[in-house]
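My notes follow in the order I looked things up.

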Amino acid sequence: MPTREHEIWLDLIQERPLLAADLLRLVHPEIPDFERARIESGGLNEHKPTEYRADSVVSLLAGDETALALIVEVQRGPVKDKRWSWPAYLGALWGRRRCPVALLVICPDRGVARQARVPIRMGHPGLVVTPLVLGPDEIPVIIDPGEAAENVELTVLSALVHGTEPTAEKIFAAMFDAFHHTDTDEAQGYIDELLAMLPRAAGQLLEAMMQTKQREYKSDYFRRAEAEGRAKGEAEGRAKGEAEGRAKGEARALLTVLDSRGIEVTDEIHARIIGCTDLEQLDTWLRRAVTAASAGDLFD
C-alpha cells in the first residue's frame, strides 16, 4: 500500500508534469530540448503475463514528437526486487513509444538512494542500467522567495525533505511567500500534507509560523485550536472590547499549544498569559512555545 510520503511526490508531478523534468535536471542536466510535459499511463505491459507498472510516466514533448519518455519511481524501501523490474520498465517503454527513455528514482532516504545508484549489470556485454537517483542531497534548499515563486511544487518538496534542518524556518518562510502565487485551497492542501509527514518538532514550527503570520491557510489542528481558543477568549473579553477579546483568543490558543505538547503550566504562568493584552508579545510567546522545554522558557 503506497504511503502518504510516497504519494506526495507523484501527486505534485500529476499537478505539474514539468516538475518531473525539474527533478531530472537535478541529477542529469543533459536532457533533450522539449516544449511541454504530459502525464502518460504507468502501465508498461505488452500483452505479457507479468505486469509491469511504473509509479508515473511523463512525456517531454517537442511539438508532436516525444523528446524523452521519463519513468518516475518513488522508492522508500530496499531496492533488491526493483533491480529486476526497472530494466524491464525501460525496455517495455522504449519498445512501445520508440523514443529515448530514462528512469528517475526518487529516494527520500539517503541509505536507499545509495542502494538505488548501484549500476544494474544485465549480463550482455555493455548492457548496464544505471538509475538516475534523486536523494535528499539533490533536493535544493530553497530559501529565496523569488526562486520559491518560480517553482512552488519544488519548494514544497524542499520543505518536506529539509524541514528538520537548521534552515527549516527560512524554507517555510519562502514557501509561504510562494503561496501568494497559487490557489489558497491548493496551498492549504500542501500545508496539511506537510504537517501529516513532517516530524513533530518541524510540524510545530510550521504551525507557529502560520499562526504568527496570520495566514488565511492553517492546518486542521490550528483551525480547531484557534476556533476554540478565540471563541472562549472573545466570549470572556467581549464586554471589554474587541482588542482585548482578540488577546484572550491568542492567549487561549497559546495555552492549547502548550497543553498539546504536554508542558505543565503553573497557575502563576497561566495568569500571566491570560492577563497579557499585548498581541505582539503573545505572538512571540506562541513561537517560543513550539520548541520550549518548559513554560518558563517562554519568558526568557
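Which side chain does glutamate 153 meet in a salt bridge? I found arginine 16, at 3.9 Å from N to O. I counted a salt bridge when a side-chain nitrogen of Lys or Arg is within 4 Å of a carboxyl oxygen of Asp or Glu. Glutamate 153 lies in helix α6 (residues 152-162) and arginine 16 in the loop between α1 (4-15) and α2, so the pair ties together parts that are 137 residues apart in sequence.

**Ground rules**

I am reading a predicted model, where local features need pLDDT of at least 70, side-chain atom pairs count only at pLDDT 80 or more, and totals for chains, interfaces and linings use all residues. Residues are numbered from 1 along each chain as its sequence is written, and side-chain values use heavy atoms, with hydrogens and water left out.

**Entry: the chain as a whole**

I noted 13 helices and seven strands in the chain. Helices (H or I, at least four residues) and strands (E, at least two) are DSSP runs, numbered from the N terminus. Of the 300 residues, 47% are buried. Here buried means under 20% relative accessible area, exposed means over 50%, and partly exposed is in between, with a 1.4 Å probe and protein chains only.

I then looked up the accessible surface, which comes to about 15,200 Å². Carbon and sulfur atoms hold 49% of that surface. The areas come from the Shrake-Rupley method with a 1.4 Å probe, and for residues only the protein chains shown count as cover.

I also checked contacts, meaning heavy atoms within 4.5 Å. Among those between residues at least 6 apart in sequence, 61% join residues at least 24 apart.

**Entry: more on the salt bridges**

By the rule above I get eight salt bridges. Side chains of opposite charge can pair when their charged atoms come close. Arginine 16 has another partner in aspartate 22, with the closest N and O atoms 2.7 Å apart.

Is arginine 16 buried or partly exposed? It counts as partly exposed, at 22% relative accessibility. Aspartate 22 counts as buried at 18%, and glutamate 153 counts as buried at 10%.

Next I looked at glutamate 138, which meets arginine 117 in a salt bridge of 2.9 Å, N to O. This pair links distant parts of the chain, 21 residues apart. Glutamate 138 is in the loop between β7 and α5 (145-150), and arginine 117 is in the loop between α4 (110-116) and β5 (120-121). I read both as partly exposed: glutamate 138 at 23%, arginine 117 at 34%. Salt bridges that share partners also join Arg16, Asp22, Arg25 and Glu153 into one network.

**Entry: the sheet**

In what order do the five strands of the open sheet come? I wrote down β1-β2-β3-β4-β7, with mixed pairing. β1 (36-40) and β7 (132-134) stand at the edges, each with a single partner strand, so one side of each is left without a neighbour in the sheet. The twist averages 30° from one strand to the next. Two strands pair if DSSP finds at least two bridges between them.

I followed β4 (residues 101-106) to β7: three bridges join them, and they run parallel. Valine 105 has valine 133 in β7 as its bridge partner. β3 and β4 also pair in the parallel sense, over six bridges. There, valine 74 stands opposite isoleucine 106 in β4. I marked β4 as mostly covered, with five of its six residues buried.

**Entry: helices**

Helix α2 (residues 18-27) lies across β1, β2 (56-62), β3 (65-74), β4 and β7, at about 100° to β7. Helix α3 (residues 82-97) lies across β1, β2, β3 and β4, at about 160° to β3. Axes are lines fitted to C-alpha atoms, for helices over the stretch in contact, and angles run from 0 to 180 degrees between N-to-C directions.

I turned to α8 (residues 184-197), which has 14 residues. Its C-alpha span from first to last is 20 Å, close to the 20 Å expected at 1.5 Å a residue. The expected span is 1.5 Å times one less than the number of residues. Buried residues in α8 include Ala187, Tyr190 and Leu194.

Most residues other than glycine have a negative phi. Arginine 98 is not a glycine, yet I read a positive phi of about 55° there. Arginine 98 lies in the loop between α3 and β4. At 77% relative accessibility, arginine 98 counts as exposed.
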